[in-house]
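Let's take a walk through this fold together, starting with a word on how it is described. Have the model open beside you as you read.

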Amino acid sequence: MQLLVTDTDTHLVITVNEARIDAAIATRFKDKLRETIVRHRKPVEMRMRAVEFMDSSGLGAMIALRKALPEDMPLILKGLT
């Protein structure tokens, strides 16, 4: 899985360099990112320009990641196609 995580002073920037987030990788994607998000406890900006396709399991993974954050901490999605 191709992810680049950058920890800035104010938030976590995650660049997703996968063309597809589907059933084949959704569980690993969710588990890896949930661990990272929970550990850093900062607002998250996900750069998704490389993602060309996301199925329902990918969407479920994104919802699980959002739920892993406290309610007042945003998950910002950028570069959606």
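Contact here means heavy atoms within 4.5 Å. Keep in mind, too, that you are looking at a predicted model. With that in hand, find helix 1: this helix lies across strand 1, strand 2 and strand 4. Against strand 2, helix 1 runs at about 165 degrees.

Four of them form an open sheet in the order 1-2-4-6, and the pairing is mixed. Which strands stand at the edges? They are strand 1 (3–7) and strand 6 (75–78); each has a single partner strand, so one side of each is left without a neighbour in the sheet. On average, neighbouring strands of this sheet are turned by 15 degrees against each other, direction ignored.

Look next at how strand 4 meets strand 6. The two run parallel and are joined by four bridges. Along the way you will find Arg47 opposite Lys78 in strand 6.

Leaving aside residues up to four places away in sequence, Val44 touches Leu12, Ile14, Ile37, Leu69, Pro74, Leu75 and Ile76.

Notes
Residues numbered from 1 in each chain as written. Predicted model: local features only at pLDDT ≥ 70, side-chain atom pairs only at ≥ 80, totals over all residues. Heavy atoms only, no water. Pairing = 2+ DSSP bridges. Axes fitted to C-alpha atoms, helices over the stretch in contact; angles between N-to-C directions.
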